[in-house]
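Biologist: I have a model open and a few quick questions. Can you walk me through it?

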Amino acid sequence: MSGKNKDYRFTIANREALIGITLAVINFVWWYGFAYGLGSKPPENYHFVLGLPAWFFYSCVVGFILIVALVIVVVKFFFVDVPFEEEEGRGNGS
Amino acid sequence: MNVAVIVPLLIFLVLIFLVGFIASGSLRKSNNDFLEEYFLGGRELGGFILAMTMTATYGSASSFIGGPGVAYTEGLGWVLLAMSQVVTGYFVLMILGKKFAIMSRRYNAVTLTDYLKGRYQSKWVVLTAAVSIIIFLFSAMAAQWVGGARLIESLTGLSYHTALFLFALSVLVYVVIGGFRAVALTDAVQGVVMFGGTLILLVAIIIAGGGIPAIIQELSAENPNLITPFGAEGSLTPTYVSSFWILVGVAVVGLPQVTVRAMSYKSSQAMHRALIIGTVVVGFIMLNMHLIGVFARPILPGIEVGDKVMPLIALEVLPSWLAGVVLAAPMAAIMSTVDSLLLLVSSSVVKDVYVNYIKPDASPQRVKTLSFGVTSLLGVLVFLMALNPPDLLIWLNLFAFGGLEATFIWPIVMGLYWKKGNKYGALSSMAVGVITYIVIQQFFPTPFGMHSVVLPIILSFAAYVIVSLATQNMTLEEYAAQQQIEGNI
């Protein structure tokens, strides 16, 4: 199994893929929760924010801004730079 | 015919042509491996270009013409559905990520199929992959050409055949001579045009409608369902809308035209930048383009054909020269999808089939001539098909998007992260995915209220895991070899 020679870059890659899945789950829950949580009542009872129905405003507009913010935070603080070139030994075209 | 609309469109076409031409210069100068240079831009994309080429390749005619048309009919519920695509902005690059970039370099992979070849070491996996790419993407591409020509036709009043010729010529030349780098650079310009066009049109339409509150009020007065998440007839169920998270959201990881871009970037810094830029751009375009469709309704009621909403509303709310600039956006969306598909199909023919199996010892000069030749030939072939699209092609195009996702998603993703995945698992996953998708799409659309792509993705996952485990003992050597390449031993 994975000995001590395991490429450290793959550990980083695995963690970042898990972060991607977490973000997608947060994204989905936020999107679904606000859309159907606030949007399921009769339209005459809707609240409006900036002219848009509240469900739409929170789910799609705020949700989008939130995800952009999360992506920025995650990339700046959790993603690690790694080299792609092999150190030596392995044949590589470029 | 409206000259003020045509001039900006022509300027746009000339601009794209010039960018593609300039990009082809570096192809001629480069001393690197020709195939890697021509089909992958020498793996040198920076963050901005990477984000733009991913977004622009993915955002096609449907985001700019079809989507807003449906949003016009269905109301805000369709914008909600379209927002499931924001996830593509970060998900693909985060999931494939650095491991895919590193492994594709180790395998010396230039195409997605090369990657699968390196991972599974199986002729049958390679051939299945190459054939699916050639068949599905060829028909998808032809459908986009028809869309591009129809758009030029409706905007300029030229005949369909002239429009198609104009469209074909402007795309073909730069793709053939410039390869991937020309495609990526023109994609970046096209992406900027798409972004700018969306912004201008949104602002103009809100002003023309008397502000957002007034527009929403009118919509709700006409039919209150238009401002609910459930669509004009109340028929968009949460299950159905959510299932688009698979089709146009997370399963986009399996689309070869997107995936191949995840092996083209230069460094991890480029990838990090592309994650941020890509999420912003894809979300901005999807949100606003579909909102435009909804907001167009009170301003121009009674449009019967959905595809005409976007051109008509642009001409209605903008001065004609500016409408020309904005209508370059759907043009850009179509071109940036078509150019990538053309190159991808060509790479599949040249690299995956010819160099791999027909003539592995072909001289570099021959490979070079062949690459230019096949790309041009495919272009001409698509042109001829688009002149009078055969029914088979239209039928195949229906399956292209979901079919490719169901075919490729698990062999790629599980191949990266699950050591026990093997060639038998991959092969059965591909077969199960594509066959169940065609059967379900054809005979049982929307099973359990979900889009027809969902079940095939689940079934192909099961096939991958079960068959890989069952054949574990037959592939011990391959397993060891793979661990060797990954450096786990």
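Biologist: In chain B, what share of contacts between residues at least 6 apart in sequence join residues at least 24 apart?

Modeller: That share is 83%. Two residues are in contact if their C-beta atoms, placed from the backbone, lie within 7 Å. Bear in mind that this is a predicted model: local features need pLDDT of at least 70, side-chain atom pairs count only at pLDDT 80 or more, and totals for chains, interfaces and linings use all residues. Residues are numbered from 1 along each chain as its sequence is written, while chains are lettered from A and ligands numbered from 1 in the order in which they are written.

Biologist: How many helices and strands does chain B have?

Modeller: Chain B has 20 helices and zero strands. Both are DSSP runs numbered from the N terminus: helices are H or I with at least four residues, strands are E with at least two.

Biologist: What fraction of chain B is buried?

Modeller: Of its 489 residues, 60% are buried. Buried takes 20 or more other C-beta atoms within 10 Å of the residue's own, exposed 12 or fewer, and partly exposed is in between; C-beta atoms are placed from the backbone.

Biologist: Which residues have the most contacts inside the largest nonpolar core?

Modeller: They are B:V79, B:M141, B:W145 and B:V253, in a core of 204 residues. Helix α9 (residues 160-208) of chain B gives the most to this core, 22 residues. A nonpolar core is a set of buried Ala, Val, Leu, Ile, Met, Phe, Trp, Tyr and Cys residues joined through C-beta atoms within 7 Å.

Biologist: What does B:M141 contact, leaving aside neighbours within four places in sequence?

Modeller: B:M141 is in contact with B:V338, B:L341, B:L342, B:V345 and B:V382.

Biologist: New topic. Where is B:N108?

Modeller: B:N108 is in the loop between α6 (88-106) and α7 (112-120) of chain B. Its phi is positive, about 55 degrees, although B:N108 is not a glycine. B:N108 is partly exposed, with 17 other C-beta atoms within 10 Å.

Biologist: And where does B:Q121 lie?

Modeller: B:Q121 sits in the loop between α7 and α8 (123-156) of chain B. B:Q121 is not a glycine either, yet has a positive phi of about 50 degrees.
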